[in-house]
Amino acid sequence: NTFTSHQRVRGAAGKTSKLRPINMPPVQPSSGPIAVTGASGYIGSWVVDDLAKHGYTVHACVRDISLKSKVDHLLAMNEKGYSGCVKLFAADLFKSGSYDEAFKGCVGIVHAAAAVGYNKETPQQVYDGCFTQNEHVVASAVKTGSVKRFVFTSSCAAIVHPHPEKYVFTESDWCDQERDPEKWRKENIPTNRDLAYAMAKAASERWMNDICAKGETGFDVISVLPSHVIGPLICTNHDQGWSWQNCIKQMLQGKPYTKSAGGRMLWNIVDVRDVAISHRLCLASDTVKNGSRYILGAADPSAELFTWQLQKRLQGLFPSIPVIGGEEMDGDKPKQDTQNPPYLYCTKAIKELGLEPIKVEATLKDTGDSLITLGLI
């Protein structure tokens with residue numbers, strides 16, 4: 001297959017060819033199984049749960065199906081009385097042909113697997129796990145001859161670039177706009193995790209859009225771009241260090257937010273359950289087409305909170321917790337203002353997919369409650 005050429009892949013990070021809509025039909029529960037990569041992860045698990053709840057047969061792909069901490073919560077979904085079901089398959093993102101068996105007969109793929117650095121991967125491993133190794137997933141999908149829709153879990157990192165004050169990002173933005181070419185290049189990937197992740201997600205989107213538009217796959221690809229994903233954790237394994245849900249845990253433990261200088265950041269909050277629902281809506285929608293992108297950020301300004309505002313909101317929701325961490329404060333005001341944060345909303349997903357976002361208060365409360373129930377705080 002021509003798309004597996006490494007020369008072709010390396011060139012895919014540039015301009016995408018003009019997309020030709022493939023107009024594949026919506027994928028419904030009666031159409032056939034859906035495979036989910038990264039099924040044991042935080043987002044992947046909620047995708048599996050939502051699909052099974054809505055009647056789909058789900059092929060849940062996990063690297064090691066013998067690890068109870070990674071699969072017990074997935075198997076438990078078969079005991080919830082859902083109209084769909086979950087079947088486990090062993091598959092490794094870094095092994096060619098690994099997904100062949102799991103994808104057999106599937107009409108849709110949700111590709112949520114990625115090496116994002118939470119497990120101490122190097123920046124190069126992050127890049128490979130988020131871009132280079134996607135060849136394995138796409139190749140297995142093509143082999144089936146049955147896949148019609150391929151939904152890719154990208155990231156808002158693929159759209160955010162240097163921007164003027166109050167700039168609102170949309171699906172037409174790409175992360176390599178307005179960049180210093182000396183800093184924004186592949187040679188710097190081994191030393192910069194954030195660069196590696198953003199470049200990999202953008203390159204993956206463009207490459208997959210391109211090969212699907214040229215008719216090399218037989219399916220269309222739609223990308224979902226989540227921002228700051230929080231919401232209830234299903235199991236303790238979802239408490240991955242440095243993840244957004246882990247940051248909420250740290251704050252509820254009274255520790256400062258440390259992923260940005262002084263804890264200063266604007267949180268564009270999206271509920272993990274809304275992320276999962278959006279993947280299903282992309283599979284079932286009759287309006288999406290090849291190359292469609294959907295930002296999953298704040299539903300409206302009420303869901304975008306500076307860290308100090310998030311801290312206050314958590315204090316109100318969890319009054320029994322004596323100290324909740326956050327950003328550096330000077331009395332009741334931030335020590336410094338957050339400089340030029342990105343603004344982004346899930347407006348398109350609401351309009352085109354029919355997404356009905358969960359209120360941010362419920363997201364925050366359910367996140368904290370799950371952390372307490374799981375004994376993580």
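User: Why is Tyr345 called buried in this predicted model?

Analyst: Its relative accessibility is 19%. The term buried applies to values under 20%, so Tyr345 counts as buried. Tyr345 lies in the loop between strand 14 and helix 11 (347-353).

User: What does Tyr345 touch, not counting residues up to four places away in sequence?

Analyst: Tyr345 touches Val168, Ile295, Gly297, Ala298, Ala299, Asp300, Pro301 and Glu304. Contact here requires heavy atoms within 4.5 Å. As for Val270, its C-alpha atom is 9.3 Å from that of Tyr345, and the two are 75 residues apart in sequence.

User: Why is Asn340 called partly exposed?

Analyst: Asn340 has a relative accessibility of 22%. Buried would need a value under 20% and exposed a value over 50%; Asn340 therefore counts as partly exposed. The residue sits in the loop between strand 13 (333-334) and strand 14 (343-344).

User: Is Lys166 buried or exposed, and how do you know?

Analyst: The relative accessibility of Lys166 is 59%. Exposed means over 50%, so Lys166 counts as exposed. Lys166 is found in the loop between strand 5 (149-153) and strand 6 (168-169).

User: What makes Ser204 count as buried or exposed?

Analyst: For Ser204 the relative accessibility is 0%. Since buried means under 20%, Ser204 counts as buried. Ser204 is part of helix 7 (residues 193-213). Leaving aside neighbours within four places in sequence, Ser204 is in contact with Cys130, Phe131, Asn134 and Phe152.

User: How do you know that helix 5 (residues 123-132) is mostly covered?

Analyst: Seven of the 10 residues of helix 5 are buried. They are Pro123, Val126, Tyr127, Gly129, Cys130, Phe131 and Thr132.

User: Why are helix 2 and helix 9 described as oblique to each other?

Analyst: Helix 2 (residues 42-53) and helix 9 (residues 272-284) pack at an angle of about 55°, with their axes 8 Å apart. Roughly parallel would require an angle under 35 degrees, and roughly perpendicular one of 65 to 115. The two helices are therefore oblique, and their crossing is right-handed.

User: Which residues of helix 2 and helix 9 meet?

Analyst: On the side of helix 2 they are Tyr42, Ile43, Trp46, Val47, Asp50 and Leu51. On the side of helix 9 they are Val272, Arg273, Val275, Ala276, Ile277, His279, Arg280 and Leu283. The residues of this contact divide into 10 nonpolar, one polar and three charged.

User: What makes helix 8 roughly perpendicular to helix 12?

Analyst: Helix 8 (residues 244-252) and helix 12 (residues 360-373) pack at an angle of about 75°, and their axes are 10 Å apart. The range for roughly perpendicular is 65 to 115 degrees, so helix 8 is roughly perpendicular to helix 12. Gln245, Ile248, Lys249 and Leu252 in helix 8 meet Thr367, Gly368 and Leu371 in helix 12. These residues divide into three nonpolar, three polar and one charged.

User: Why is Phe318 called buried?

Analyst: Phe318 has a relative accessible area of 5%. The limit for buried is under 20%, so Phe318 is buried. Phe318 lies in the loop between helix 10 (307-317) and strand 12 (329-330). Leaving aside neighbours within four places in sequence, Phe318 is in contact with Leu252, Ile324, Leu364, Lys365, Gly368, Asp369 and Ile372.

User: Which residues have the most contacts inside the largest nonpolar core?

Analyst: They are Val48, Trp267 and Leu310, in a core of 66 residues. Helix 2 contributes the largest share of this core, seven residues. Apart from this core lies another, of 47 residues, among them Ala35, Cys106, Ala141 and Ala202.

Definitions and conventions: Residues are numbered from 1 along each chain as its sequence is written. This is a predicted model: local features need pLDDT of at least 70, side-chain atom pairs count only at pLDDT 80 or more; totals for chains, interfaces and linings use all residues. Side-chain values use heavy atoms; hydrogens and water are left out. Axes are lines fitted to C-alpha atoms, for helices over the stretch in contact, and angles run from 0 to 180 degrees between N-to-C directions. Helices (H or I, at least four residues) and strands (E, at least two) are DSSP runs, numbered from the N terminus. Angles under 35 degrees count as roughly parallel, over 145 as roughly antiparallel, 65 to 115 as roughly perpendicular and the rest as oblique. A crossing is left-handed if the near helix is turned anticlockwise from the far one by less than a right angle, and right-handed if clockwise. Ala, Val, Leu, Ile, Met, Phe, Trp, Tyr, Cys and Pro count as nonpolar, Asp, Glu, Lys and Arg as charged, and the others, Gly among them, as polar. A nonpolar core is a set of buried Ala, Val, Leu, Ile, Met, Phe, Trp, Tyr and Cys residues joined through side-chain atoms within 4.5 Å. Buried means under 20% relative accessible area, exposed over 50%, partly exposed in between (1.4 Å probe, protein chains only).
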